[in-house]
Every structure is written in C-alpha cells, then in structure tokens.
Amino acid sequence: MWIPVKTPKLAVAVYNWKGDVRSGLPLEIGETVQILEENGGWFRGFSTKNRSAWGIFPASVITIRPCTVKGTGLSAIAELKDDPLVREIACVLREWARLWKKLYVERETYRFSAVAKVMRELLSGRRALLTGTLTQDQTRALRLKLVAKLDWGNR
C-alpha cells in the first residue's frame, strides 16, 4: 500500500534505471526526483526536470538528499540544499568536458593530460565533500584546494 511521505523528499539517481516495470519512471544517473509516496523498497514521484513524468522507482537506485520545502500539499516544491562549491564543481566539470574533448581531437597531449588530472582531482574532492565524513579542518583545507584548482582551470 502506498503511503504518502510526511514532507516531500528529493533524491538523486545514483544508477541508471530503465523503468522496466508497469508505471516505472526511467532514471539517469544524476537525475533529481521528488518523492511523494513510498511502499516498501519503492517510491512514487516525479522527475524535477519534467514534472509531468510520474512513476515508481526502486529505493536502490537513488539516494535521498537534504532539501527545503516551499509550499504545502500537492503544490509543495522541494529544492536541494547542496553546497554551492559542490554545484560549481559539477558545472565546471561539464564545461571542461567540452574543452577536454577538443584538446583530445586536436592532439594536444600535454594540456589534455593536465586538464584530465585536474578534473579527476575535482571529482575526487567533490565526492569527499558529498560524503560528509571529513573533519572541519579537513573540509576547510579541501575547499581551499578545490577553489585553487577551479581558479587554475579558469585562467
């Protein structure tokens, strides 16, 4: 039996899922979904990139993220409470991916390798920030290092 959640929840897909069940909602890695109901190991909700795409999906393919809720009832909208640096790194990595591909096509091996190394370091640092397992001092040092890497790449 489907039980409505007390407050809307947001989750991010950590695996691709084809939605190959009746009323399944296909998900891609990184896609955000708003959860409205739950039933055992399944959730019912919609994709935030397309609010008309409703369906069910297993709990095993998502991770629930902290969020703020605006409004009440069916009009309630949830928004992620992500760290601004984490969001900036994600945007920068998407942007740099185009540059990285261009460097590969143009066979600029030194710059290609340098950008790849920094991208891996940013990705690793972003992952460490998202896990929330670092001490305050480690987090502060990592944030400074990541901002320096972003500055290097944006020169």
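Modeller: Helices and strands here are DSSP runs, numbered from the N terminus, where a helix is H or I over at least four residues and a strand is E over at least two. This is a predicted model, in which local features need pLDDT of at least 70 and side-chain atom pairs count only at pLDDT 80 or more, while totals for chains, interfaces and linings use all residues. Residues are numbered from 1 along each chain as its sequence is written, and side-chain values use heavy atoms, with hydrogens and water left out.

D82 lies in the loop between β7 (77-80) and α1, and it counts as buried with a relative accessibility of 18%, where buried means under 20% relative accessible area, exposed over 50% and partly exposed in between, with a 1.4 Å probe and protein chains only. Apart from neighbours within four places in sequence, D82 is in contact with R65 and R87, contact meaning heavy atoms within 4.5 Å. D82 and R107 are 25 residues apart along the chain, and their C-alpha atoms are separated by 36 Å.

R107 belongs to the loop between α1 and α2, and at 74% relative accessibility it is exposed. Most residues other than glycine have a negative phi. R107, which is not a glycine, has a positive phi of about 55°. Another residue other than glycine with a positive phi is S23, where the value is near 65°; S23 sits in the loop between β1 and β2.

Rings of Phe, Tyr and Trp (its six-membered ring) pair if their centres lie within 6.5 Å, and planes under 30 degrees apart count as stacked, over 60 as edge-to-face and the rest as tilted. By this rule the model has 5 aromatic pairs. One of them joins W100 and F112, which are stacked, with 5.0 Å from centre to centre and 0° between the planes. W100 lies in helix α1 (residues 84-105) and F112 in helix α2 (residues 109-131), so the pair ties together parts that are 12 residues apart in sequence. W100 is partly exposed at 30% relative accessibility, and F112 is also partly exposed, with a relative accessible area of 22%. F112 pairs with Y104 as well, and this pair is tilted because the planes stand at 50°, with the ring centres 5.6 Å apart. Y104 itself is exposed, at 58% relative accessible area. Through these ring pairs W100, Y104 and F112 are linked into a cluster.

Q34 is in strand β2 (residues 32-39) and is buried at 1% relative accessibility. The UniProt annotation "domain: SH3", from an unreviewed entry, covers residues 6-67; UniProt positions are given in the numbering used here, feature names are shortened, and annotations may be inferred rather than shown by experiment. Over residues 6-67 the chain is 58% strand and 0% helix, with the end C-alpha atoms 14 Å apart.

Among the 16 residues lining the largest pocket, V12, G30, A90, R94 and R126 are the closest to its centre. The elements giving two or more residues to this lining are β1 (3-13), β5 (62-65), α1 and α2, and α1 gives the most, with 4 residues. A pocket is an open set of points on a 1 Å grid over the protein atoms alone, where a 1.4 Å probe fits, with protein on both sides within 12 Å along at least five of seven lines; lining residues have an atom within 4 Å of a point.
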